[in-house]
Amino acid sequence: MTFATQLNAAILRTGSVTCVGLDPRLEQLPKPLRESVSENRKDSVAAAYTQFCCEIIDAVAGLVPCVKPQAAFFEQLGPAGMVSLGEVIAHANRAGLIVITDGKRNDIGSTATAYADAYLGSAEPERSPWGSDALTVSPYLGRDSLEPFVEVCDRRAAGIFVLVKTSNPGGGYLQDLSVDGKTIYQSVAELVTELNKSRLDADGYGPVGAVVGATYPEQLVELRKAMPHSILLVPGFGAQGGSADDVRAAMDSNGAGAVVNSSRHIIFAHKREEFSVAADESNWQDAVRAATVQMNEQLKG
Ligand SMILES: O=C(O)c1cc(=O)[nH]c(=O)n1[C@@H]1O[C@H](COP(=O)(O)O)[C@@H](O)[C@H]1O
């Protein structure tokens, strides 16, 4: 089964397009985890990140199709953080969740192949060392930097998400520039569609997905039409201001074809007043679950 087929099946099975972003931050961990950490020891922080993310995975398994570990927060801890990232991805694999590693990688073709070999593919016999099902990648180095990823996707039933229109306020500085009558993000969308063309599954989706921010709803409508064969990864919901109405256009008529990411609003839900937890925050996992159910409902509504 291809990556797109698997992800769409997981969306339909769970009845959810929510992607839970795993972006751990020491200062926001629930009290029981924070109190167990020796702050000046990176291995101690990394152990807390592993526990935090694995408990989130256990809390949301069955409620959502996928999780998205953000590599930056693990890399910040050096080698111990990378071990933690590996453990978190493996735990999500075992829990039956699709894993999109957020590394925003890319380079010249031969190095892109190394990134693809490293991250893409969670199934035997060609399982990658990191074992994620998909990876976020930058299009800045052009077509020959994306092709090696797509070739590995073909071999290992994996996927990539190309940055097309990002959620941050400054993204337009380059992405909205016009060249030959079209914007850079429109050109990237065309390239994404071309790369998918000979690789479509029975539902018309290919391995090359696209990142389009929830904070740009008009462009989301435009880009959904421009990339009919791409699963969209839509970040920016919740903490960055994106709402359910803003992302509605991302999904296809089956309610699939896109996942909407939320990180802080779900994983640090114990900090949100509407999800009251005990003073010692010992039941923080309940808040994670409640915030996930709430987001699922909002996106259905
Ligand atoms: O590729 C991404 O996931 C991504 C692309 C983008 O345009 N904007 C964006 O916020 N992200 C990531 O999505 C997550 C958003 O986190 P929250 O704002 O806490 O929900 C972070 O891990 C970001 O790195």
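A polar contact is taken here as a pair of N or O atoms within 3.5 Å. The model is predicted, with local features requiring pLDDT of at least 70 and side-chain atom pairs counted only at pLDDT 80 or more, while totals for chains, interfaces and linings use all residues. Residues are numbered from 1 along each chain as its sequence is written, and side-chain values rest on heavy atoms, hydrogens and water being left out.

By this criterion, a polar side-chain atom of lysine 68 is placed 2.9 Å from an oxygen atom of the ligand, and an N or O atom in the side chain of aspartate 102 lies 3.0 Å from a ligand oxygen atom. For arginine 264, the corresponding distance from a polar side-chain atom to an oxygen atom of the ligand is 2.6 Å. The ligand taken alone exposes 500 Å², of which the protein buries 90% (Shrake-Rupley method, 1.4 Å probe).

Around the ligand stand 16 residues, of which Asp23, Gln70, Ser167, Gln240 and Arg264 come nearest; a residue is near if one of its heavy atoms lies within 4 Å. By class, this shell comprises three nonpolar, eight polar and five charged residues, with Asp, Glu, Lys and Arg counted as charged, Ala, Val, Leu, Ile, Met, Phe, Trp, Tyr, Cys and Pro as nonpolar, and the others, Gly among them, as polar.

UniProt, in an unreviewed entry, lists residues 17-279 as "domain: Orotidine 5'-phosphate decarboxylase", an annotation that may be inferred rather than shown by experiment. Over residues 17-279 the chain is 40% helix and 17% strand, with the end C-alpha atoms 32 Å apart (DSSP runs: helices H or I, at least four residues; strands E, at least two).

Conventions: Polar contact = N/O pair within 3.5 Å; in protein donor to acceptor, adjacent residues only side chain to side chain.
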